[in-house]
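Me: I have a structure to read and would like to go through its features one at a time. Can we begin with the aromatic residues?

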Amino acid sequence: MNKKIDRGQATREHLVAVATGLFTEHGYDGTSIDAVLRAAEVSRGALYHHFPGKDALFAAVLDAVYDRVEADGARAVEGVTEPAAALRAACLAWIRSTADPVVRQVMLIDAPAVLGWQRWREGDEARTLGKIKAALRRDGRIPAARVDLFAHVVLAGMNEIAMLVARAGDPASAAAEGEAAAGDLLDRLLRA
């Protein structure tokens, strides 16, 4: 029984990896289920066993990309004990990640269009907003009554910078400029 479960999990992971590459290269609209099946070399039944359709496959890809970005953010704050410095490090890691074609295409270009702006934002808030609020509360420089509002401002500011990088003609240069701008914004917001 465990071998069957392991094989199933391996097939699911393989489909997500293949779909990630295709969505990155061709975008959501340019990637068909048939293209995923050919590239993954799996049957239609195997794909539909794990994902009821292209939207569900895309959602799994998006979750995997979010997990990767969150892991990068966690690595960026390892050993950082000061809340404002940790928030800054995590935000700058997010902006740096936007130079990655997978992050740009899946999270910033396709996700808002595929999921709809509201659902995309809800997912982002569920994964990120609470961490920003906690960092601002621990830091203590923002009055407690304004922490929620400022957390939304930080999230929106970082996401707008990320969107600009995603749509830039030269994403590497745009990411470097975006990182500098994000750092400046956070420094001004969190100055003593």
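Predicted model: local features only at pLDDT ≥ 70, side-chain atom pairs only at ≥ 80, totals over all residues.

Me: What counts as buried here?

Reply: A residue is called buried when its relative accessible area is under 20%. Tyr28 and Phe58 both fall in that class.

Me: How many aromatic pairs are there?

Reply: Two rings pair if their centres lie within 6.5 Å. The count comes to four aromatic pairs. In one of them, the ring centres of Tyr28 and Phe58 are 5.3 Å apart and the planes meet at 80 degrees, so this pair is edge-to-face. Tyr28 is in the loop between helix 1 (2-26) and helix 2 (33-40), whereas Phe58 is in helix 4, so the pair ties together parts 30 residues apart in sequence.

Me: Which residues do ring pairs link into a cluster with Tyr28?

Reply: The cluster consists of Phe23, Tyr28 and Phe58. The ring of Tyr28 also has the charged end of Lys54 over it, 4.2 Å from the ring centre.

Me: How should I read the pair of Trp117 and Trp120?

Reply: Look at the angle between the planes. Over 60 degrees is edge-to-face, under 30 is stacked, and the rest are tilted. For Trp117 and Trp120 the planes are at 40 degrees and the centres 4.9 Å apart, so the pair is tilted. Both residues belong to helix 7, three residues apart, or about one turn of the helix.

Me: Are Trp117 and Trp120 buried or partly exposed?

Reply: Trp117 is partly exposed, at 47% relative accessibility. Trp120 is buried, with a relative accessible area of 4%.

Me: What does Leu155 touch?

Reply: A contact means heavy atoms within 4.5 Å. Leaving aside residues up to four places away in sequence, Leu155 touches Arg121, Asp124, Glu125, Thr128, Leu129 and Ile132. Leu155 itself is in helix 8 and is buried, at 3% relative accessible area. From Leu155 to Ile132 is 23 residues in sequence, but 7.7 Å in space between C-alpha atoms.

Me: Where is the largest pocket, and what lines it?

Reply: A pocket is read through its lining residues. The largest pocket has 24 of them, with Gly73, Ala90, Cys91, Thr128 and Lys131 nearest its centre. Helix 4 (54-77), helix 5 (83-97), helix 7 (117-139) and helix 8 (147-166) each give two or more residues to this lining. Helix 7 gives the most, with eight. By class, the lining has 16 nonpolar, three polar and five charged residues. The volume of the largest pocket is about 490 Å³.

Note on methods:
Residues numbered from 1 in each chain as written. Heavy atoms only, no water. 1 Å grid on protein atoms, 1.4 Å probe; cavity = no way out; pocket = protein on both sides within 12 Å on 5 of 7 lines; lining within 4 Å. Points joined across faces, edges and corners; volume = space filled by probe spheres on them. Helix = DSSP H or I, 4+ residues; strand = E, 2+ residues; numbered from the N terminus. Nonpolar A, V, L, I, M, F, W, Y, C, P; charged D, E, K, R; others polar. Buried < 20%, exposed > 50% of the residue type's maximum accessible area, 1.4 Å probe, protein only. Phe/Tyr/Trp six-rings, centres within 6.5 Å; stacked < 30°, edge-to-face > 60°. Lys NZ or Arg CZ within 6 Å of the ring centre and 35° of its normal.
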